[in-house]
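Please keep the sequence and the 3D view open as you read.

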Amino acid sequence: MGLRVLAAMSGGVDSAVAAARIAEAGHDVTGVHLALSANPQSHRTGARGCCTIEDSRDARRAADVIGIPFYIWDMAERFQRDVVEDFVAEYAAGRTPNPCLRCNEKIKFAAVLDRALALGFDAVATGHHARLVDGVLSRSVDQAKDQSYVLGVLTREQLSHAIFPLGDSTKTEVRAEAARRGLTVADKPDSHDICFIADGDTRGFLAERLGSAEGPIVDQEGEVVGSHQGAHGFTVGQRKGLRIDRPAPDGRPRYVLSIEPVSNTVTVGPRSALEVTTITCGRPVWNGPARRDDLTVQLRAHGEVYPCRFEESGGELTIELDRPATGVAAGQAAVLYSGATVIGSATIVSAS
C-alpha cells in the first residue's frame, strides 16, 4: 500500500520532479507550496530570490500537470521569526548563520512535518539532492549539487518521515526528465544566494535592520587600519569590501580574522592567520551510525571537506583537522561524514 505523502513544492524544477516521481510510484501525494513572505515579489530576478508570486504559480502548474491536489500554506510568520530574525540576531552577535540550514530545521522539517503528521500524512518529500540509504542520510550522486550538508541538522525521527527522490540523479537528468514530463519549470534557473534578500545585498539588508555604527578595523597588533559602518556587515574570511586606509607592509591582501560585536571591532590580517586545525562546536545532533572510519567534516555548504577526528564531552564537540582549514566562522555548521554517510552535525563556536 502506498504512503500518504506531502510534497513540498517550491516552484522549481527539483521539487516538481520529486513530486512527480513519488506520485508515479503509486503514493497518495498532495502538493504544498510554502508562502514564506508576507509581501511576495511579483517576479524573480534571474536566479535570485524565491517565494515569489511566480514561484507559487509555477508550483501550482506543476501539480496540475502531475495530477495531484495542491495547497498553499502560509508560513510567513514562522519563517520571519525562526529564520529571518535568527539570521539578523546571529550577525548582530558576530556569528555567520546559514539560513537555508535553519529553514530546513525549523520550517520544512519541524513546522511543516509536524503539521503533515497531524493531518495524517506519513512523510514529507522534498527536491533536495541527497539520499536516504536504509534510513541514513547520505550524499547525492551529483556531488556538485549535493545538499546533505544543509540537511545534517535533522534528527533521526525527522529523517524517518522524509523522502528525497532525487538523490540518485544528476541535475542534468532531473531537468531532462522535467522536460519529458511536460513541466514548464524544466529550464527555470536555480535559486541562489539568500532567498529573503532578493537583491543579494546582505550588508544593506542587515544595516536596514541593525542600523549603522562606525567602528575600527584593526590589524593583529591592534593598530587601526580602517573603519566600517557596522561589524555585522562582515564575516570571517572575507576579503572584499574592507575599507582599509593603511595597506599591509608586505602589500598582500588582508582578510577578516575576527569580529567583536560588543566593541564593534573587526580584526584583519594575512590569509595564513585564518588557518585553523581545532574546531569547537556546540549542540551536536547525531543522526547516523556511530562510525569512525573515513571521517571527514564539511564546514560550509558546497565547501571543501577535511579529514578529521572528533571527541564529544559534556555536550561539546571538538574536531581536530588533519590539515588546516581557512575562513571557519562561528555560527556555521560542521557536518561530519563517514564516507558519503552523514553521522551528525554541530554548530561551530570557535576555531584555532
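## About the model

This is a predicted model, in which local features need pLDDT of at least 70, side-chain atom pairs count only at pLDDT 80 or more, and totals for chains, interfaces and linings use all residues. Residues are numbered from 1 along each chain as its sequence is written, and side-chain values use heavy atoms, with hydrogens and water left out.

## Helix α1 and its surroundings

Let's begin with α1, a helix of 12 residues covering 13–24. Helices here are DSSP runs of H or I with at least four residues, strands are E runs of at least two, and both are numbered from the N terminus. From first to last C-alpha, α1 reaches 16 Å, close to the 16 Å expected at 1.5 Å a residue; that expected span is 1.5 Å times one less than the number of residues. Just after α1, G26 takes a positive phi of about 100°.

Is α1 largely enclosed or exposed? Because 10 of its 12 residues are buried, α1 is largely enclosed by the rest of the structure. Buried means under 20% relative accessible area, exposed means over 50%, and partly exposed lies in between (1.4 Å probe, protein chains only). Among the buried residues are V13, D14, A18 and I22. The buried residues of α1 pack against several elements, including β1 (4–8), β2 (28–35) and α2 (53–66), where contact means heavy atoms within 4.5 Å.

## Salt bridges

A salt bridge here is a side-chain nitrogen of Lys or Arg within 4 Å of a carboxyl oxygen of Asp or Glu, and the count comes to 21. In one of them, K188 pairs with D55, with the closest N and O atoms 2.6 Å apart. K188 sits in the loop between α7 and α8 (202–210) and D55 in helix α2, so the pair ties together parts that are 133 residues apart in sequence. K188 is buried at 9% relative accessibility, and D55 is buried at 1%.

E105 and R102 also form a salt bridge, with closest N and O atoms 2.4 Å apart. They are three residues apart in helix α4 (residues 99–118), so about one helical turn separates them. Another bridge joins D293 to R291, at 3.5 Å between the closest N and O atoms. D293 is partly exposed at 42%, as is R291 at 33%. Elsewhere, salt bridges that share partners link D14, K145, K171, R175 and D190 into one network.

## An annotated span

UniProt, in an unreviewed entry, lists residues 204–269 as "domain: tRNA-specific 2-thiouridylase MnmA-like central". UniProt positions follow the numbering used here, feature names are shortened, and annotations may be inferred rather than shown by experiment. In the model, this span is 11% helix and 30% strand, and its end C-alpha atoms lie 24 Å apart.
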